[in-house]
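Biologist: I'd like to learn how to read a model like this one, feature by feature. Can we go through it together?

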Amino acid sequence: MPEKKSIAIQKIVDDDVKSAIFASLDLINAKKIMKENMTIILKPNILGAKPPERAVTTHPEVLRGVIHWLKQFNPKEIIVAESSGGQKPGTTENAMKKCLISQTCEDEDVKCIPFEKTERIIYQVENPLVMTEFSSSHLLKDADLIINLPKIKTHGQCTLTCCIKNMFGTVLLGNKPKTHARFPTVGKFMAALTDIYSVSQPQLTIIDGYLCQEGNGPAGGDVVKLDLIIAGYDPVALERVVCEIIDFNYQDIKYIGYAEEKNLGSTKLENIELLGETIEDVKRPFKPPKSRPVSVPLPQWLADYAGKAIFRAEVDFDPEKCRLCSTCWSNCPTQAITPPDKMEKGNIPSWDNEKCITCYCCAELCPYEAVDFKINYVKNVLFSWCGVFLIALLLFIILLIAL
Ligand code: SF4
Ligand code: SF4
């Protein structure tokens, strides 16, 4: 019988985030991994420049609670590090400021560093699924302890972003769109996410389930005040528990299966020792993103084809909200977006269906939430080989009947 993985689920009562963090870390006996004089990296989710109440980024009070807990062990240094979405220099600093992470670091006298501002090294991926190496900060190698501080949000492309997806932030600025372009299908991209996670493998994960996003996440979704802190060591088990709480099928989220395949953890509930609240007590089904993939027993090439042909979403720009800020077209990994001829209010960018790999970066990064996606299943089926086959079959049947 394998050793049970401890996971603590703690309710946040009356917005007392710090008490919930202390209680959850006590429940999993997190002090067993602490030593004096450690260099500790905290990796929050700082996707973009949004205020904390929008629930796009790890909440500053979650960060503050974790820093207070860590200070009991006299660390040498605590460094909060991230590389945000977007390619422009200064993007991460701007996001850190807007979501109040840099202010929290200043208050608590800890460093706040964009990964891209540190020395880069090439990391080799052990037993790669698709990605053999990538460049990131030396901090991942030099830290004594890495703590992952993901947030629970739905995600247009991946369905859910939590523990494993959060470490995509160790890929530096402009290399993120390149990674999307290199691994354009959902399956390949999720495998790349797993490879990226496997390089840093945080020893501890404290999930921000305070303010979350459902529906059109991870940037334009509806805020859910879930009021939870979930802590543990096994990212795969944690992802499974989160899926149970928000009522998602963990098998639809491919990176969870890939991570289990890669021995990064286990999804088996019988191997998990749940401490604190029960799943039933805190269950709160989340609205899924529009293009939620479903797991069907198909070969990968067929699943990729069906995903691309039938479940393909079209990008939709809102002329009322769009301010022609250029973020979407300058960050699209495949140059599928071009600015309008006239940069006038009411005009919107153009979108190239052929070039788009449906990575959802434009929706994630639009500062004004002006990008949405819509799926026209009938059109997708009719304009795919599947549609051609169905029409041919229908004609054949009609011909047989007529004869
Ligand atoms: S859709 Fe959003 S990101 Fe693109 S130009 Fe308009 S406001 Fe900027
Ligand atoms: S148009 Fe949007 S979804 Fe399509 S590839 Fe570009 S950034 Fe990704």
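Modeller: Helices (H or I, at least four residues) and strands (E, at least two) are DSSP runs, numbered from the N terminus. The expected span of a helix is 1.5 Å times one less than its number of residues. Helix α2, residues 60-71, has 12 residues and reaches 16 Å from its first C-alpha to its last, close to the 16 Å expected.

Biologist: Before we go on, what should I know about the numbering and the model itself?

Modeller: Residues are numbered from 1 along each chain as its sequence is written, while chains are lettered from A and ligands numbered from 1 in the order in which they are written. This is a predicted model, where local features need pLDDT of at least 70 and side-chain atom pairs count only at pLDDT 80 or more, but totals for chains, interfaces and linings use all residues.

Biologist: How many residues of α2 are buried?

Modeller: A residue is buried if 20 or more other C-beta atoms lie within 10 Å of its own, exposed if 12 or fewer, and partly exposed in between, with C-beta atoms placed from the backbone. In α2, 10 of the 12 residues are buried, including Glu 61, Arg 64, Val 66 and Trp 69.

Biologist: And what do the buried residues of α2 pack against?

Modeller: Contact here requires C-beta atoms, placed from the backbone, within 7 Å of each other. By that rule, the buried residues of α2 pack against α1 (17-27), β2 (39-44), β3 (77-82), α4 (101-108), β7 (145-149) and β10 (204-214).

Biologist: Why is α8 called largely enclosed?

Modeller: Because 12 of the 15 residues of α8 are buried; among them are Val 186, Phe 189, Asp 195 and Tyr 197. Just after α8, Gln 201 takes a positive phi of about 35 degrees.

Biologist: How do I judge a phi or omega value?

Modeller: Most residues other than glycine have a negative phi, and most peptide bonds are trans. Here, Ser 326 has a positive phi of about 85 degrees, and Tyr 360 has one of about 70 degrees. Ser 326 sits in the loop between β13 (314-317) and α13 (327-331), and Tyr 360 in the loop between β15 (350-351) and α14 (361-365).

Biologist: Is Tyr 360 buried or exposed?

Modeller: Tyr 360 counts as buried because it has 24 C-beta neighbours inside 10 Å. Ser 326 has 13 other C-beta atoms within 10 Å, so it is partly exposed.

Biologist: Which peptide bond is cis?

Modeller: The one from Gly 217 to Pro 218, with omega near 10 degrees. Pro 218 lies in the loop between β10 and β11 (222-232). Asn 216 is found in that loop too, and it is buried, with 21 other C-beta atoms within 10 Å. Not counting residues up to four places away in sequence, Asn 216 touches Gly 221 and Pro 289.

Biologist: Now the domains and the core. Where do the domain bounds fall?

Modeller: Domain bounds come from an automatic or database domain assignment. The protein chain is divided into domain 1 (5-282) and domain 2 (313-402). Their contact takes 16 residues from domain 1 and 16 residues from domain 2. The C-alpha centres of the two domains lie 30 Å apart.

A nonpolar core is a set of buried Ala, Val, Leu, Ile, Met, Phe, Trp, Tyr and Cys residues joined through C-beta atoms within 7 Å. The largest has 114 residues, and those with the most contacts inside it are Val 66, Ile 230, Val 242 and Cys 362. This core draws at least three residues from each of domain 1 and domain 2. Val 242 touches Ile 152, Cys 162, Ile 207 and Ile 230, leaving out residues up to four places away in sequence.

Biologist: Which residues come nearest to ligand 1?

Modeller: A residue is near a molecule or strand if its C-beta atom, placed from the backbone, lies within 6 Å of it. Of the 13 residues around ligand 1, Cys 322, Cys 325, Thr 327, Cys 328 and Cys 366 come nearest. Around ligand 2 there are 14 residues, the closest being Cys 332, Ala 336, Cys 356, Cys 359 and Cys 362.

Note on methods. Contact = placed C-beta atoms within 7 Å.
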